[in-house]
Amino acid sequence: MNILLVEDDIALAEALKQTLKHEGFVVNHLTHGQHAILAVRTGASDMVILDLGLPDMDGLEALKAIRKITSDLPVLLLTARASIEDKVSGLDLGADDYLAKPFEVSELLARLRVFERRLSTLKHADLKVGNVVLELESFRLSVDGHTVELSRREFMLLKALMENAGRVITRDSLESKLYSWGEEVASNTIEVYVHHLRKKLPKGFISTLRGVGYIVKLP
Ligand code: CA
């Protein structure tokens, strides 16, 4: 795993580099947002750790630029700002996770392992989380080996949640998946579909993060 570490606090970056290398990660360290965007463009990184306070630009702006280049590169935000607004806007801009400074290195490693597990799940054609399998070719859901019928919208929502298992998906981001079909979406649409999906899934499969969105947790 090749990690791009974007952090202008040299002491912190050096410490992280040491630990991550010790854990078997390859680490490329940069201090500036513009350089990070260029590095992402080369496509050599498997995941990004991005500080929000950078010398040349706001980390959220860098994140926006990164998301224009690639949508599936996992990005973990490091933030000294702990307000809910920053968390939500970071997630809305496509961050996969965030960690508030100061943090325990063990916590950082745990988050990176979630990224790793997710990257390896993405390689399979069917989406599988525990005993729940979503067959992408046949649009079928199977729970404990039993086939369950899904409407097209239920399928699309569950696909988005399972593709991103282990991370929070904001309601806006889920709605944008409906809007892409060019249809009007009522304000409670996502809740309604999640409600329908929950009846077809094991208890607790989709968790709600009030005011933020939903998450399918990895087993
Ligand atoms: Ca900083």
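This is a predicted model: local features need pLDDT of at least 70, side-chain atom pairs count only at pLDDT 80 or more; totals for chains, interfaces and linings use all residues.
**Calcium site.** I looked up the donors of the calcium ion and found Asp8 (OD), Asp51 (OD) and Gly53 (O), at 2.2 to 2.3 Å. Along the chain these donors follow the spacing D-x42-D-x1-G. I then checked accessibility: Asp8, at 31% relative accessibility, counts as partly exposed, and Gly53 is partly exposed with a relative accessible area of 40%.

**Nonpolar cores.** The largest nonpolar core has 26 residues, and I recorded Leu141, Leu158, Phe205 and Ile206 as those with the most contacts inside it. Two or more residues come from each of strands S6 (127–129), S7 (132–135), S8 (140–143) and S12 (213–216) and helices H6 (152–163) and H8, with H6 giving the most, six residues. Leaving aside neighbours within four places in sequence, I found Leu141 in contact with residues including Val132, Leu134, Val148, Leu158 and Leu201. Apart from this core lies another, of 19 residues, among them Ile37, Met57, Leu60 and Leu77.

**Helix H8.** I compared the length of H8 (residues 189–200) with expectation: at 1.5 Å a residue its 12 residues should span 16 Å, and its end C-alpha atoms are 17 Å apart, which agrees. Its buried residues are Thr189, Ile190, Tyr193, Val194 and Leu197. They cover an arc of only 120° around the axis, which puts them on the same side of H8. An α-helix has 3.6 residues a turn, so residues three or four places apart point the same way.

Methods:
Residues are numbered from 1 along each chain as its sequence is written. Side-chain values use heavy atoms; hydrogens and water are left out. Helices (H or I, at least four residues) and strands (E, at least two) are DSSP runs, numbered from the N terminus. The expected span of a helix is 1.5 Å times one less than its number of residues. Buried means under 20% relative accessible area, exposed over 50%, partly exposed in between (1.4 Å probe, protein chains only). The arc is that of the directions from the helix axis to the C-beta atoms. A nonpolar core is a set of buried Ala, Val, Leu, Ile, Met, Phe, Trp, Tyr and Cys residues joined through side-chain atoms within 4.5 Å. Contact means heavy atoms within 4.5 Å. Donors are N, O and S atoms within 2.8 Å of the metal (3.2 Å for Na, K and Ca); water is not among the atoms, so sites may look incomplete.
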